[in-house]
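Hi everyone, thanks for coming. Let me put the model up on the screen, and then we can walk through it together.

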Amino acid sequence: MSEGPNGRRGALPSGVSLSEDLRKRLRKSDYLADEGLATAIFLALKLGRPLFLEGEAGVGKTEVAKVLSRILDTPLIRLQCYEGIDVYQAVYEWDYARQLLHIRATEALGGGDRESLEKDLYNREFLVSRPLLQALEHQGPMPPVLLIDEVDRADDEFEAFLLEILSDFAVTIPELGTVVAERPPVAILTSNRTREVHDALKRRCLYHYIEHPSFEREVEILRLRVPEAEEILARQVAAATERMRAMDLYKPPGVAETLDWTEALVALGAKKLDESFVQATLGSVLKYREDHQRAKMMNLMDMVVGLESGGG
Amino acid sequence: MPEGAETVAAPPMLDASVAFGRVLRGAGLRVGTDRIVGFARALEELDPGRRDDAYWAGRVTLVSRPEDIEVYDRAFKLFWDSGGNVKTRARKKPRLSVTIPEDSVAPPKETVEKNESGDEAVMLRYSPVEVLRNKDFALYTPEEFAELNRMLADLRLSGALRRSRRLEPAARGRHDPRRTLRGAMRTGGEALRHHFRKARVQPRRVVLLCDVSGSMSSYSRALLRFLHAGVASGARLEAFSMGTRLTRITRELATRDPDRALKQASGAVRDLSGGTRLGDAVKEFVDRWGQRGMARGAVIVVFSDGWDRGDVTVLAEQMQRLSRLAYRIIWVNPLKAAPAYRPLAGGMAAALPYVDVFLSGHNFESLEDLARAVADATRRDPDGTDRM
């Protein structure tokens, strides 16, 4: 517990004072961010404001939190949202079973007046901290990274509660008092837009919409993340995915799928794409039967196999 | 770096930020003071003389929906290219072309009052309701549209109930150790009373897809009002208009003032009298919103005469997709009111196999039927057709 609310804000890794520095640092940790995303992260760290990330599934929203925790060398605390999530699952809960045992034990030892027993019971040691409390209580040279994943899945009540936490970085536990974060955690919120998250919550945050990467950047990502893949293979995969994204599919592949695909191909020993490899691995990029059919109809194989050198 | 200067000194970039904020507001973005201050702070941390830095500082702080990015881009270009000297008010270019003819939708209240006086006003207000309930919307006078507003205000729109994953205390159900043990604390560790909880029931999300093409124009006015009544009543409701393109109008309809909401919605809807490619519109909905979760377990209401200018096989395919996601699909077609109407033509025939409830929606009474169908939690009709 600390005196002032959130003494020092901001949490840039040492040696980073420009957004360009940060971009290089991210790259060193195998995350390729474009200028917009790098600037957004830079500002979020520098200003100590939560970062709200939206974008298609699989463009690397969650990855941002992971790479930040690596760069800042600080724990990643993750809160996965779902419908019906409440304070007891997100912030804290009393460990009732242990409290009961404690009562019994005290009784058995014939001890203790009521008052001191109660004091004992509502003690920090009987409190189970859940992700949000963990993030606020974290002690260390750097604040932790708090990933609040898929906020759009939680319901309105919880959103209102998050709003409170994200503006003060403090939470009140009736029996114990208020816990204030010494330094606000680096908060990353993600949403898949299954519903529109309330404006008030977005206003507290910096906002960035992550797009699918360009061809060249995707090749780079593939080379960086799956170093075993041949250059030619990476280019072909990137070219094929780019085409798939333009193909009007039910679920266009994101970067995550492209990576899966490349890994699958490498696992099969593919040096470059050919029809049988594509046949065997298409399930790792396209997840709907209709999409497979469409890919077949559009002669994806021919297009891809024809791409000797790749190209956008 | 001005760490502690949070609330005290005005950021040096504030003037420029305020000016840019004004441009954005003129372009239709909602930019509050807090956002502008955030923008100014962000600029300080970057190089405001660099175009890209200035651009991203604003993108990150002033925009929070992908739909707004295009508007932002245009405003930014304008602002930057002019060196910050944009005449803000002057260029309120009508970015939205088509509007609902206002006089017919929303007669100013005074004229209504003026026409009515004394006892007659009471008569006029109460007696026509019964008549109006059965009158085709296409035959409504402006005064009657005003009356419709009042009637719709009483119409509750709320989705069928479903079990939520949130639990609430209950007399019986699942055992609730938290409350039981908490109670036990008070009785010396002895659990004298056991507590239970069960899943709360919650209205399902209702999604309205409203065809606003020319062939529907006499009805879309009333239907937009109906949508507004629903959105304003605070139901979990999403609304889209289908024309030559799909437009989300939930936000525009979310104000309490019906006239303003309609004006905004008609602003958002660009294609009030263009043709509809129904299949494409439904596809766009499923692709962009439905599949990600909005349609899952929802009650979907489609307002359309089923007149599809596109390929009807697309519509059939997309309706099938939608029916796999949705809890129930209700199709409202004003043409159904005509005794001779048979849903044989293209789009309607293609869509009907995937429709659970088929209604007419041409007068107030049938809107009441619709509200009932939306709230009905019983199982789907096995044959998937007319249940009226």
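Among contacts in chain A between residues at least 6 apart in sequence, what percentage join residues at least 24 apart? The answer is 77%, with a contact meaning that two C-beta atoms, placed from the backbone, lie within 7 Å.

A quick word on conventions. This is a predicted model, where local features need pLDDT of at least 70, side-chain atom pairs count only at pLDDT 80 or more, and totals for chains, interfaces and linings use all residues. Residues are numbered from 1 along each chain as its sequence is written, while chains are lettered from A and ligands numbered from 1 in the order in which they are written.

Now the overall picture. Chain A has 15 helices and nine strands; these are DSSP runs numbered from the N terminus, H or I of at least four residues for helices and E of at least two for strands. The C-alpha trace of chain A spans about 85 × 45 × 35 Å along its principal axes.

On to the sheet. Five strands of chain A make an open, parallel sheet in the order 2-5-8-1-9, where pairing takes at least two DSSP bridges between two strands. Strand 2 (76–80) and strand 9 (206–210) of chain A are at the edges with a single partner strand each, so one side of each has no neighbour in the sheet. Strand 2 of chain A pairs with strand 5 (residues 145–149) of chain A over five parallel bridges, and A:L76 has A:V145 as its bridge partner there.

Finally, just after helix 5 of chain A, A:G110 takes a positive phi of about 65°. Happy to chat!
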